[in-house]
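Reader: Hi! I'm new to protein models and would like to learn how to read one. Could we go through it together?

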Amino acid sequence: MIEKIERAAREAGSIILAAHGEDLHIENKEGRANFVTLYDKKVQDFLTTRLKEILPDAKFLGEENGMDAFLPGDDEGWLFVIDPIDGTTNFIHNLHPYVTSIGLMKDGVPYAGVVYAPVTDQMFCAVRGQGAYENGRRIHSSGAPLSDSVMLSGSAGFSMQAYQIAQELTREVQGRCHGVRSTGSAEYNLCMTASGRSGGYFEMRLGLWDFAAGGLILEEAGGRMTDYYGKPLSWRGPSSVLAVSEGIAREGAFPDAGAYLDRWKAKE
Ligand code: LIP
């Protein structure tokens, strides 16, 4: 089944690459710099159709097209969680990375994940209990401590208040590692951590579709993903995300991200 899902992701990647030079029909969503394009919607429609052929009984949750609510019963049986283009703002500017992401939940917990980056032709995938792969090669997260790692972060650009607090946590992490980078694609960041390139990724608020696939890929690569308080994710909706490599999880020396999240919540 995972091979069929990978094929669907690759076909979605072709649609994304073919968009360049075309009118993207960019629309604004809530908050600032929060966009959706004709191609986010087009790719989600394509994937919904193709994935239904693979698992006809599956339910669907996706960032676009009014499919973004986790509904009663979605934690029973098969549920696809789709981010058709994760890194939409990057896509609008033709700035890699932007990926298509397909998570597959079974009875409310991740079963499989596929993340495909069409510009670099990087296919990341995992099935629970069967390891994580990049272009067919087994991958493992880094064993290095925080002090020997490059870290990745993101901050919801559509909330300047969140951005300010996120930058303060980033500054604390910056002083304890080789540097913090922000790529603009959550699922890509999780795959960079799973493949050992980065030591981890943190962001104060993400949709389920931003981490459902990459979170499983990271865990199958030996990493760990929790919320900012170090608690397991609910896998039922938005959450803060703190994803770290095996080495940083073992070291247990990441700053207290929960204290920063509490400050944001107090200001909301
Ligand atoms: C994006 C995430 C990114 C976050 C952005 C946005 P989208 O997802 O991948 O990490 O900082 O605010 O949520 O909207 O491009 O699918």
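This is a predicted model: local features need pLDDT of at least 70, side-chain atom pairs count only at pLDDT 80 or more; totals for chains, interfaces and linings use all residues.

Reader: At what angle do helix 5 and helix 6 pack?

Author: Helix 5, residues 186-194, packs against helix 6, residues 212-220, at about 5 degrees, and their axes are 8 Å apart. Angles under 35 degrees count as roughly parallel, so helix 5 is roughly parallel to helix 6.

Reader: Which residues of helix 5 and helix 6 make the contact?

Author: From helix 5 come E187, L190, C191, T193 and A194, while helix 6 brings A212, A213, G214, G215, I217 and L218. Sorted by class, this contact of helix 5 with helix 6 has 7 nonpolar, 3 polar and 1 charged residues.

Reader: Now the ligand, please. How many residues surround the ligand?

Author: There are 16, and the closest are E63, D86, G87, T88 and E203. By class, the shell around the ligand holds 6 nonpolar, 5 polar and 5 charged residues.

Reader: Which atoms lie 2.8 Å and 2.9 Å from an oxygen atom of the ligand?

Author: For polar contacts, we look for pairs of N or O atoms within 3.5 Å. A polar side-chain atom of E63 is 2.8 Å from a ligand oxygen atom, and a polar side-chain atom of D83 is 2.9 Å from a ligand oxygen atom. I85 takes part through its backbone: an N or O atom there is 3.4 Å from an oxygen atom of the ligand. On its own the ligand has 380 Å² of accessible area, and the protein covers 87% of that. Strand 4 (78-86) and strand 12 (200-206) are the elements giving two or more residues to this shell.

Reader: What should I look for in the backbone itself?

Author: Here is the general idea: most residues other than glycine have a negative phi, and most peptide bonds are trans. Now look at the loop between helix 3 (88-92) and strand 5 (99-106), where P97 is found. A cis peptide bond joins H96 and P97, with omega about 10 degrees. N94 lies in that loop between helix 3 and strand 5 too, and its phi is positive, near 50 degrees, though N94 is not a glycine.

Reader: And where is Q130?

Author: Q130 sits in the loop between strand 7 (122-127) and strand 8 (132-134). Beyond its neighbours within four places in sequence, Q130 contacts R138 and E220. The C-alpha atoms of Q130 and A221 are 9.7 Å apart, although 91 residues separate them along the chain.

Methods:
Residues are numbered from 1 along each chain as its sequence is written. Side-chain values use heavy atoms; hydrogens and water are left out. Axes are lines fitted to C-alpha atoms, for helices over the stretch in contact, and angles run from 0 to 180 degrees between N-to-C directions. Helices (H or I, at least four residues) and strands (E, at least two) are DSSP runs, numbered from the N terminus. Angles under 35 degrees count as roughly parallel, over 145 as roughly antiparallel, 65 to 115 as roughly perpendicular and the rest as oblique. Contact means heavy atoms within 4.5 Å. Ala, Val, Leu, Ile, Met, Phe, Trp, Tyr, Cys and Pro count as nonpolar, Asp, Glu, Lys and Arg as charged, and the others, Gly among them, as polar. A residue is near a molecule or strand if one of its heavy atoms lies within 4 Å of it. A polar contact is a pair of N or O atoms within 3.5 Å; within protein, one must be able to donate a hydrogen and the other to accept it, and residues adjacent in sequence count only if both atoms are side-chain atoms. Accessible areas come from the Shrake-Rupley method with a 1.4 Å probe; for residues, only the protein chains shown count as cover.
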